[in-house]
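This report is meant for a reader who is meeting the structure for the first time. Please keep the sequence and the model in view while reading the sections that follow.

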Amino acid sequence: MVGESYYQDALTKVTGGRRSHGVDMNCVAMLIPEPTNEYDRDAVAVAINGLKVGHLSREEARFYRPLVDQTIRAAGVATVEARICGGWDHGASDRGNFGVELYFSDRAPAQDQAHQYEDPLPQPGANEIRLRGSATLSVSNEEHYQDALLTATDGADLSTYTHAVLVDLVEVAANPHAKKDSGAVVEVRVAGATVGHLTSAMSARLQRMVTRARDEGKRLTCSGRIFRTSKGGSHILEIRLSACPQAHDEQYVVDPYFELITDLVSSSKSKTVHRIRERQPDGSVRTSCGVTLSGADAKLMASTKPWVGDVDPGTRAIIPYEHHCERC
């Protein structure tokens, strides 16, 4: 994708704002032909959550435009899996732009498979603790477990889709592929087979959940997606996890990795979360949707690192997504 630098405000809205540690999130993007574009009649715009965030490059647009048109004729809309990265803010001049990567092949999906990537995983069982999927975790050492990853795809067509899997997270004494002693780390397993490991730092972040699962005699699980990528000129399977150190059944944040979000407020009266457009001298806040909140009614939100979601800093309660103002 190109042109993200011109759409940083839109990407800020899509991601919920900059964070000191940056953003790494998966989402779905829409491809929109722009035949009246004055610079390129083959132009293809990219939109996420209804907001334009950039374009395909001129070369990519020329190659993929027929596929985009074909998909729209067949299904009414052309969507692709996307990943938004960057957006860190360390203060002063140390700020990074958001960037977007798109994942799709040169083949249109069959109509009967159009929603395959959305297939839900089974709900957590009674003997299972499922991690919230609000952050993306990378996995190491997949190159050593290609056979296990291939088996886990169950024959899925990875040239067009990623494949959703249920992942078990199990603490082991050490990473056998680490160049130096890593100590205890979390091993990533699919259907009982090892497919990689988490880093020592992320394993430490998940320690509370590992301990809870062990104490309660339950499996610690999360969702994951297997996809095909290229490294060193050859294809390789990798897996990315959707997980953070917070369980689905936990409504309050325990880990102390808080930072205030300066552009979001929650109305103490309506409990709706709004985006701030302007702060008034009297302490009131004007929101992006046009609502004015008094200073007493406007309560700042907090976030966590790694990201769990928007959190009430007073109660540490996780704010449900449906409480966010759609117009903001």
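## Two loop residues with positive phi

D154 is placed in the loop between α3 and β8, where helices (H or I, at least four residues) and strands (E, at least two) are DSSP runs numbered from the N terminus. Although D154 is not a glycine, its phi is positive, at about 55°. D154 counts as exposed because its relative accessibility is 68%; buried means under 20% relative accessible area, exposed over 50%, and partly exposed in between, with a 1.4 Å probe and protein chains only.

The model is predicted, so local features need pLDDT of at least 70 and side-chain atom pairs count only at pLDDT 80 or more, while totals for chains, interfaces and linings use all residues. Residues are numbered from 1 along each chain as its sequence is written, and side-chain values use heavy atoms, with hydrogens and water left out.

N49 is another residue other than glycine with a positive phi, near 55°, and N49 lies in the loop between β2 and β3. These two strands form a hairpin with two residues between the strands, and N49 counts as exposed at 58% relative accessibility.

How many aromatic pairs does a search of the whole structure find? The search finds one, and it is formed by Y103 and F227, whose ring centres are 6.5 Å apart and whose planes stand at 55°, so the pair is tilted. Rings of Phe, Tyr and Trp (its six-membered ring) pair if their centres lie within 6.5 Å, and planes under 30 degrees apart count as stacked, over 60 as edge-to-face and the rest as tilted.

Because Y103 lies in strand β5 and F227 in strand β11, the pair ties together parts that are 124 residues apart in sequence. Y103 counts as partly exposed at 29% relative accessibility, whereas F227 counts as buried at 9%.

## T221, a buried residue in β11

Strand β11 (residues 219-231) also holds T221, which is buried, with a relative accessible area of 0%. The side chain of T221 makes a polar contact with the side chain of E128 at 2.5 Å and another with the side chain of R130 at 3.0 Å. A polar contact is a pair of N or O atoms within 3.5 Å; within protein, one must be able to donate a hydrogen and the other to accept it, and residues adjacent in sequence count only if both atoms are side-chain atoms. Not counting residues up to four places away in sequence, T221 touches E128, I129, R130, L131, L166, V167 and D168.

The largest nonpolar core has 31 residues, of which V167, L169, L198, I239 and L241 touch the most other members. Such a core is a set of buried Ala, Val, Leu, Ile, Met, Phe, Trp, Tyr and Cys residues joined through side-chain atoms within 4.5 Å. At least two residues of this core are supplied by each of α3 (146-152), β8 (163-172), β9, α5 (207-216), β11 and β12 (234-242). Another core, of 23 residues, lies apart from it and includes A29, L31, V68 and V80.

Conventions:
Contact means heavy atoms within 4.5 Å. Two strands pair if DSSP finds at least two bridges between them.
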